[in-house]
Amino acid sequence: SKKAIIFDLDGVIVDTAKFHFLAWRDLANKLGIDFTEKENEQLKGVSRVRSLEKILAWGNKELSSEDFEQYMQEKNENYLKYVDQLTQADILPDVHKRLEELKQKQHPIALGSASKNARRILKQMQLTHYFDAIVDGNEVTKAKPDPEVFLKAAELLKASPEDAVVFEDSVAGVQAANQAQMLSVGIGEKSVLGEADYVFKDFTEISDKVFQQITN
Ligand code: BG6
Ligand code: MG
């Protein structure tokens with residue numbers, strides 16, 4: 001049977017990773033906490049709650065649970081202001097082409113994302129119809145690097161983990177895919193995503209031949 005293909009969303013399909021960074025940094029600065037793009041790598045793939053916990057830990061700060069909720073909401077509103085500007089033109093290079101190709105070849109396709117905004121963003125990008133299953137931050141109880149999100153996605157696709165391939169831009173996500181016994185394909189820097197079975201800077205770096213090898 002055809003390999004099941006699971007895509008992460010943020011930083012793989014669309015370059016929202018930079019918006020998460022900007023929105024978190026705005027908020028952190030308000031709290032008197034500073035963090036860089038390097039520390040931000042540790043927030044990729046990480047849930048909203050866990051992200052704020054990490055930022056507070058970096059700054060040695062604590063918040064009441066009301067303030068915590070309030071700040072998370074503020075971050076999300078700020079983030080969505082960036083997201084609302086996105087159009088189909090912001091789909092990362094070659095992603096649309098590969099989705100179309102996989103669909104043509106009748107591969108089962110799923111989204112496996114930590115984001116609670118995933119459905120909204122797919123819709124805005126007009127990509128929803130490519131996905132046979134969507135597992136996002138609303139369905140998952142154990143965040144990446146726990147394999148839950150990808151195992152759920154494979155289950156919905158009726159695929160066994162060994163027959164699934166995951167495209168991921170985060171360290172936590174690559175670890176989740178590896179733990180799920182799936183083939184992990186890192187999208188980003190080798191120095192960051194070294195644990196992945198394959199790493200490419202972006203989809204344009206994957207030749208037709210290699211893409212077929214990986215997905216077959
Ligand atoms: C992941 C992003 O996909 O989703 C993280 O890599 C983000 O940066 C997480 O924190 C949760 O997203 P959201 O949209 O629910 O705040
Ligand atoms: Mg990501």
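Guide: Two residues are in contact if their C-beta atoms, placed from the backbone, lie within 7 Å. This is a predicted model, in which local features need pLDDT of at least 70 and side-chain atom pairs count only at pLDDT 80 or more, while totals for chains, interfaces and linings use all residues. Residues are numbered from 1 along each chain as its sequence is written, and chains are lettered from A and ligands numbered from 1 in the order in which they are written.

Visitor: Which residues of helix 4 meet helix 1?

Guide: Helices (DSSP runs of H or I, at least four residues) and strands (runs of E, at least two) are numbered from the N terminus. Helix 1 covers residues 17-30, and helix 4 covers residues 65-83. Helix 1 brings F19, H20, L22, A23, W24, D26 and L27 to the contact, and they meet Y71, E74, K75, N78, Y79, Y82 and V83.

Visitor: How is helix 1 placed relative to helix 4, oblique or roughly perpendicular?

Guide: Their axes (lines fitted to C-alpha atoms over the stretch in contact) are compared by N-to-C direction, from 0 to 180 degrees. Helix 1 and helix 4 pack at about 140°, with axes 9 Å apart. Angles under 35 degrees count as roughly parallel, over 145 as roughly antiparallel, 65 to 115 as roughly perpendicular and the rest as oblique. The two helices are therefore oblique.

Visitor: What is the orientation of helix 3 to helix 4?

Guide: R48, V49 and L52 of helix 3 (residues 48-58) meet F68, Y71, M72 and N76 of helix 4. The axes of this pair lie 11 Å apart, at an angle of about 110°. Helix 3 and helix 4 are therefore roughly perpendicular.

Visitor: Which residues of helix 8 are buried?

Guide: A residue is buried if 20 or more other C-beta atoms, placed from the backbone, lie within 10 Å of its own, exposed if 12 or fewer, and partly exposed in between. The cover over the buried part of helix 8 includes helix 7 (148-156), strand 4 (164-168), strand 5 (183-187) and helix 9 (190-193). Within helix 8 (residues 171-179), the buried residues are V171, A172, G173, V174, A176 and A177.

Visitor: Is E162 buried or exposed?

Guide: E162 belongs to the loop between helix 7 and strand 4. Its C-alpha atom is 5.3 Å from that of M182, although the two residues are 20 apart along the chain. Because E162 has 11 C-beta neighbours inside 10 Å, it counts as exposed.

Visitor: Where does Q126 lie, and what is its phi?

Guide: Q126 is found in the loop between helix 6 (118-124) and strand 3. Q126 has 12 other C-beta atoms within 10 Å and is therefore exposed. Its phi is positive in a residue other than glycine, near 55°.

Visitor: Which residues are the closest to ligand 1?

Guide: A residue is near a molecule if its C-beta atom, placed from the backbone, lies within 6 Å of it. Ligand 1 is surrounded by 18 residues. The closest of them are D10, R48, A114, S115 and K116.
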